[in-house]
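Please keep the sequence and the coordinates open while reading.

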Amino acid sequence: MNVLRFMLQNQTQVLELTGEHLWLVGLSTLFAIAIGVPLGIMIAHRPRMNKPVIATANVIQTIPSLALFGFLLPTPWLGERADRLAILALTLYALLPIIRNTYTGIRGIDPAIIESGRGMGLTPSQLLFQVELPLAMSVILSGIRIAVVISVGLATIAAAIGAGGLGEFIFRGLAMVDNRVILAGAIPAAILALSADVAVGWLERRLQPK
């Protein structure tokens, strides 16, 4: 009850920080999709590129988040704005599940279907957009779903470099040793993660090939 009272008393700030959190997660996820899906398509069609691309994404995933923020701080232009730096870091962390699931989804399509498309005279681009991507879409969305949930959690750490978001409450509560303030950031972040998981999961099931 104390947490709810605190959140109601500070609802303007809670909404503001939630908006900042959504901005960081939404923009970084869009960038990760724009980079990760084409990379996944590329390595699905060029298997020799599979290991280098997946290995690089794996290495990025193993770097502790605060350490990655520290590595990126000296970067020109990015280091001047904490939100830019946080978006870049979140984008990098979201790449692995998107790349891997795009690759898995396309490689998992029955080769007979691909050959049938070629036999019908489809060009490589038509084959990609009319056959491969629609059939792989549910698997790709599964990767995006994982990436979004990861980003919601990691975005709380972005407050450590002044990027805003719900992590502001968490770090402030830790400094004050006040559970109310910690939970005022943790509870909305958990709700965002669960909501994103349910929403993308619903879309994933809707696009499951019949």
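**Overall architecture**

Read from the N terminus on, the elements of the protein chain follow the order α-α-α-α-α-α-α-α-α, which corresponds to nine helices and zero strands. The model is a predicted one, and the C-alpha atoms of the protein chain fill a box of roughly 65 × 40 × 25 Å when this is taken along the principal axes.

**Confidence of the prediction**

- The mean pLDDT of the protein chain is 88, with 96% of its residues reaching 70 or more.
- Among the elements of the chain, helix α2 (residues 11-45) has the highest mean pLDDT, at 93, whereas helix α4 (residues 65-72) has the lowest, at 78.
- Where pLDDT is low, the predicted coordinates should not be read in detail.

**Packing of α5 against α7**

- Two packed helices are described by the angle between their axes and the distance between the axes.
- For helix α5 (residues 82-107) and α7, the angle is about 160 degrees and the axes are 8 Å apart; because an angle over 145 degrees counts as roughly antiparallel, α5 is roughly antiparallel to α7.
- The crossing in which α5 passes α7 is right-handed, and the contact between α5 and α7 comprises, by class, 15 nonpolar, six polar and one charged residues.

**Packing of α6 against α7**

- Helix α6 (residues 111-119) and helix α7 (residues 124-155) have axes that come within 11 Å and cross at roughly 160 degrees, and α6 and α7 are therefore roughly antiparallel to each other.
- The crossing of α6 and α7 is right-handed; on the α6 side the contact is made by Ile113, Ile114, Gly117 and Arg118, and on the α7 side by Leu127, Val131, Glu132 and Leu135.
- Sorted by class, this contact of α6 with α7 has five nonpolar, one polar and two charged residues.

**The two ends of α6**

- At the start of α6, a side-chain oxygen of aspartate 110 reaches to within 3.0 Å of the backbone nitrogen of alanine 112.
- Just after α6, glycine 121 takes a positive phi of about 90 degrees.

**Aspartate 83 and its partners**

- Aspartate 83 lies in helix α5, and its C-alpha atom is separated by 4.6 Å from that of alanine 163, although aspartate 83 and alanine 163 are 80 residues apart along the chain.
- When the neighbours within four places in sequence are left aside, aspartate 83 is in contact with Leu24 and Ala163.

Note on methods
Residues numbered from 1 in each chain as written. Heavy atoms only, no water. Axes fitted to C-alpha atoms, helices over the stretch in contact; angles between N-to-C directions. Helix = DSSP H or I, 4+ residues; strand = E, 2+ residues; numbered from the N terminus. Parallel < 35°, antiparallel > 145°, perpendicular 65-115°, else oblique. Left-handed = near helix turned anticlockwise from the far one by under 90°. Contact = heavy atoms within 4.5 Å. Nonpolar A, V, L, I, M, F, W, Y, C, P; charged D, E, K, R; others polar. pLDDT = per-residue confidence, 0-100. Polar contact = N/O pair within 3.5 Å; in protein donor to acceptor, adjacent residues only side chain to side chain.
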